[in-house]
Amino acid sequence: MDDSVEIIKLEPSRFLEAKAIRLKALICDPYSFSSTIEDTESLTDENWKERLEYSIREEKAITYYAQKDNKIIGMAGVFFKEDSLPEIFGMFVDKDYRGLGIASRLLKVLILKVNDMNKYNAIKLGVNITMLPAIGLYKKYGFEITSTEKDHIKKDGKSFDIYNMELKL
């Protein structure tokens, strides 16, 4: 594990870094995410700032970023909807920094944050069934596959199934 990596929330003034890591995730692993590069590029600067403000206030969603030497190298978030379990989204670590335990640290922070809220009995997520390292990580932390959704991710004329996974708190 790399102790020089910090897990932080970004201030709204750093919105360009949030946008950059999200775009990098979509470019590097496009079939891991439901959203597209076009969706992300269409967001205004104000949209990005608002997302980071929600995260700071812990409203609607919370996103944590992995930072090394003041460079954002990973991210993961959890969003909250009424009448639904919190859902983890956007888990990504730059390929140059994989294998260092950063995804584990991001996931652990999200799980602890949701658990500390004392409002939920579980957390859910969806993961492309071809993403074996991600599935292994989620299982390591106690997530279990609850169902499979056919053709959930559709891009470039291809479609991918996802596993819905859940962690009981």
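A residue counts as buried under 20% relative accessible area, as exposed over 50%, and as partly exposed in between, with a 1.4 Å probe and protein chains only. The structure is a predicted model, in which local features need pLDDT of at least 70 and side-chain atom pairs count only at pLDDT 80 or more, while totals for chains, interfaces and linings use all residues. Residues are numbered from 1 along each chain as its sequence is written, and side-chain values use heavy atoms, with hydrogens and water left out.

Consider the chain as a whole. Its radius of gyration, taken over C-alpha atoms, is 15 Å. A compact globule of 169 residues would have a value near 15 Å, so the two agree; the globule rule behind this expectation is 2.2 Å times the number of residues to the power 0.38. Along the principal axes, the C-alpha atoms fill a box of roughly 40 × 40 × 35 Å. Of the 169 residues, 43% count as buried. The accessible surface, from the Shrake-Rupley method with a 1.4 Å probe, comes to about 9200 Å², and carbon and sulfur atoms account for 49% of this area.

The secondary structure consists of five helices and seven strands, where helices (H or I, at least four residues) and strands (E, at least two) are DSSP runs numbered from the N terminus. Their order from the N terminus is β-α-α-α-β-β-β-α-β-α-β-β. Contact means heavy atoms within 4.5 Å; among contacts between residues at least 6 apart in sequence, 62% join residues at least 24 apart.

Helix H1 covers residues 15-28. The expected span of a helix is 1.5 Å times one less than its number of residues; for the 14 residues of H1 this gives 20 Å, and the end C-alpha atoms are 20 Å apart, which agrees. Buried residues in H1 are Phe15, Ala18, Lys19, Ile21, Arg22, Leu23, Ala25 and Leu26. The buried residues of this helix pack against helices H2 (37-41) and H3 (45-57), and against strands S2 (61-68), S3 (71-79), S4 (87-93) and S6 (144-155).

The loop between H1 and H2 contains Asp29. This residue is buried, because its relative accessible area is 13%. Leaving aside neighbours within four places in sequence, Asp29 is in contact with Phe92, Lys95 and Arg98.

Glu58 is found in the loop between H3 and S2. With a relative accessibility of 29%, Glu58 counts as partly exposed. Apart from residues up to four places away in sequence, Glu58 touches Lys9 and Lys113. Glu58 and Lys113 are 55 residues apart in sequence, and their C-alpha atoms are 9.9 Å apart in space. Although Glu58 is not a glycine, its phi is positive, at about 60 degrees.

A positive phi also occurs at Asp151, a residue other than glycine, with a value near 55 degrees. Asp151 lies in strand S6 and is partly exposed, with a relative accessible area of 36%.

Gly126 belongs to strand S5 (residues 122-128). Its relative accessible area is 34%, so Gly126 is partly exposed. Leaving aside neighbours within four places in sequence, Gly126 is in contact with Glu87, Ile162, Tyr163 and Asn164. Gly126 and Glu46 are 80 residues apart in sequence and 28 Å apart in space, C-alpha to C-alpha.
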